[in-house]
Amino acid sequence: MTVRRDITQRRDEIIALLSKRETLSAAELSSELSVSVQTIRADLRDLDEAGLVQRRNGYARLRQQSENIGYLPREGIARQEKQRIALAVKGLIPDGARVALGTGTTVEACARFLASHKDLFVASNSIHAVCALQQAPGVAVELAGGTVRMRDLDMIGTSALNFFSRYRVDYAVFSCGGLSEEGEVLDYNADEMSARKAIAGCGKKSILVVDSTKNGLDLPFQMGHAWDFDVIVTGARFSASVIDSCSRHGCQIVQV
């Protein structure tokens, strides 16, 4: 168990380093993480097969594409950090709250931790989040209709917009595709961006959850800035300018 945990943590660190440095060789990663080059090469081979990194000419980089990688590979990224994020979100939301939950693996982790709460009302466009709440005592769930995106088992686009426009909840919990170094909240495509805007707009308090591997990503669609929301729960380290902007706009940063 300890060996598996060490491997998972090391591969999370590889993803985090590549998200900040763009390209690194196996030797550079070996030096950064104080393990052998052979170990790093094995990690990179497995991460490449999982669709997380791309190896070329002796260097590795994160796969950048118009769509996010598949759902199951994403579950393995920053797993421990996502659990810490979920625990913090659990502490922000009381029993009996009305909650909107968006899509993605970090939000699913939040749903699993919220399943111990009583008498929640939840509106979501994520089948994964709904399944995570199955055993929650007294929970009432509304699921968005429309066409299911089979890769992620969620509904985005017009169906999500119309669905969330019907609700006014206490807390809206959602993620994003990436955060630029300047604090721009980014996504992979217009449908995902629109769905997240709709989720954020239906909550009295908006909670953005984002793991550190998304910090510094450059994606094509913008849905505002980090300080547009009430709370950010993250393991990422933001620049002084982003922290200052969040403070000035009344956005609370919960560091995990």
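**Helix 5 and helix 6**

I began with the crossing of helix 5 and helix 6, which is right-handed (a crossing is right-handed if the near helix is turned clockwise from the far one by less than a right angle, and left-handed if anticlockwise). The model I am reading is predicted, and local features need pLDDT of at least 70, side-chain atom pairs count only at pLDDT 80 or more, while totals for chains, interfaces and linings use all residues. Residues are numbered from 1 along each chain as its sequence is written, and side-chain values use heavy atoms, with hydrogens and water left out.

The axes are lines fitted to C-alpha atoms, for helices over the stretch in contact, and the angles run from 0 to 180 degrees between N-to-C directions. Helices (H or I, at least four residues) and strands (E, at least two) are DSSP runs, numbered from the N terminus.

I then listed who meets whom: Lys82, Gln83, Ile85, Ala86, Leu87, Val89 and Lys90 of helix 5 meet Thr105, Thr106, Ala109, Cys110, Phe113 and Leu114 of helix 6, contact being heavy atoms within 4.5 Å. Sorted by class, the residues of this contact are 8 nonpolar, 3 polar and 2 charged (Ala, Val, Leu, Ile, Met, Phe, Trp, Tyr, Cys and Pro count as nonpolar, Asp, Glu, Lys and Arg as charged, and the others, Gly among them, as polar).

**Helix 2 and helix 3**

I looked next at helix 2 (residues 26-33) and helix 3 (residues 37-49), whose axes come within 8 Å and cross at roughly 110°. That angle makes helix 2 roughly perpendicular to helix 3, and helix 2 passes helix 3 in a right-handed crossing. On the side of helix 2 the contact is made by Ala26, Ala27, Leu29, Ser30 and Leu33, and on the side of helix 3 by Val37, Ile40, Arg41 and Leu44. By class I wrote down 7 nonpolar, 1 polar and 1 charged residues for the contact of helix 2 with helix 3.

I stayed with Ser30, which is found in helix 2 and, at 11% relative accessibility, counts as buried (buried means under 20% relative accessible area, exposed over 50%, partly exposed in between, with a 1.4 Å probe and protein chains only). Leaving aside neighbours within four places in sequence, Ser30 is in contact with Val35, Ser36, Val37 and Ile40. I also looked up the C-alpha atoms of Ser30 and Val233, which are 203 residues apart along the chain and separated by 30 Å.

Helix 9 (residues 190-201) has 12 residues and reaches 16 Å from its first C-alpha to its last, close to the 16 Å expected at 1.5 Å a residue; the expected span is 1.5 Å times one less than the number of residues.

Lys205 lies in strand 10 and is partly exposed, with a relative accessible area of 35%. Not counting residues up to four places away in sequence, I saw that Lys205 touches Asp170, Tyr171, Ala172, Asp230 and Val231.

I checked Asp119, in the loop between helix 6 and strand 5 (121-124), and noted a positive phi of about 55° although Asp119 is not a glycine. Leu153, in the loop between strand 6 (140-143) and helix 8, has a positive phi of about 50° although it is not a glycine, and is partly exposed with a relative accessible area of 27%.

My last entry is Ser180, which lies in the loop between strand 8 (178-179) and strand 9 and is buried, with a relative accessible area of 8%. Leaving aside neighbours within four places in sequence, Ser180 is in contact with Leu186, Asn215, Gly216 and Leu217.

Technical notes. Angles under 35 degrees count as roughly parallel, over 145 as roughly antiparallel, 65 to 115 as roughly perpendicular and the rest as oblique.
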